[in-house]
Amino acid sequence: MQTGLSGKRVLVTGASGGIGSACARAFAEEGARLALHYHRGRERAEALGRELPEAVVLQADLRVEEDADRLFAEARAALGGLDVCAAVAGVWPADDVPVWELPLTRWEETVRANLTATFLTARGFLREVERTGEGSLVLVGSTAGVFGEAGHADYAAAKSAIVRGLLLSLKNEIVRIAPHGRVNAVCPGWTVSPMTRTTLEDPAVLERATRTMALRKAATPEDIARQVVVLASDELSGHVTGEVVLVAGGMEGRLLH
């Protein structure tokens, strides 16, 4: 089945990470023209750019308004506009800290790196949509935002805001400027990526993590990327908006094993 993404101009944020780079490769396989964003992972982003030589590699700190605005200006200049944005960039703090010990500084940093960065990304993309009258935005949340995550209340709260209040507002707002514009979200569960690899390499952690999943295995970045591509595609998901797809092996908020 054709996705209709050939020639589409796509920005992938967080493209230096495991899920972001997998999304970039998946869009490239569909013939999309790519802008690859990174924050600190310059070497990984440039290596991906060499792998996908038609892509442009752009740096920005999406926590900073001026940087986010510059990213979209540079992506528009490089590609001539944007049709799709995959808002993958985010940060999961590895340390397990309960709320009663959670410093305000970490809370604010986590919310800014996830929720604020996603807001600025969405705002930048919708300003492009306002110019063109069309576009598809895919947000990347987390199962932490659906089920919660003890020790990571900051991350769970930020991701929950992304895939509930922000998503459901954006899907109603985008049609004011693009009658067929769409906004959807993907929520990965435990996924093998640079952000989580050291954690999931511990068999005991993986065993505990998968006890709430029907499929007792961690996802690959490619598992997530395929769903991002499907939701981005007007051909495959043209009447789908405001939806959240969990890519988490049938995870539930209770023990299954």
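Author: Val57 in E3 is the bridge partner of Leu36. This is a predicted model: local features need pLDDT of at least 70 and side-chain atom pairs pLDDT 80 or more, while totals for chains, interfaces and linings use all residues. Residues are numbered from 1 along each chain as its sequence is written, and side-chain values use heavy atoms, without hydrogens and water.

Reader: How many bridges join E2 to strand E3, and how do they run?

Author: Four bridges join E2 to E3 (residues 56–59), and the strands run parallel. Pairing takes at least two bridges found by DSSP, so E2 and E3 pair. Strands (E, at least two residues) and helices (H or I, at least four) are DSSP runs, numbered from the N terminus. From E2 the chain passes through helix H2 (residues 42–51) to E3, in a right-handed β-α-β crossover. Right-handed means that, with the strands pointing away from the viewer, the path from the first strand over the helix to the second runs clockwise.

Reader: Why is the pair Trp92 and Trp190 called edge-to-face?

Author: Rings of Phe, Tyr and Trp (its six-membered ring) pair if their centres lie within 6.5 Å; planes under 30 degrees apart are stacked, over 60 edge-to-face, the rest tilted. Here the centres are 6.2 Å apart and the planes stand at 80°, so the pair is edge-to-face.

Reader: What makes Trp92 count as buried?

Author: Buried means under 20% relative accessible area, exposed over 50%, partly exposed in between (1.4 Å probe, protein chains only). Trp92 has 10%, so it counts as buried. Trp190 has 22%, so Trp190 counts as partly exposed.

Reader: What do the side chains of Glu128 and Arg76 meet in?

Author: They meet in a salt bridge at 2.5 Å, N to O. The rule asks for a side-chain nitrogen of Lys or Arg within 4 Å of a carboxyl oxygen of Asp or Glu. Glu128 lies in H4 and Arg76 in helix H3 (residues 65–79), so the pair ties together parts 52 residues apart in sequence. Glu128 is buried at 3%. Glu128 also forms a salt bridge with Arg131, at 2.8 Å.
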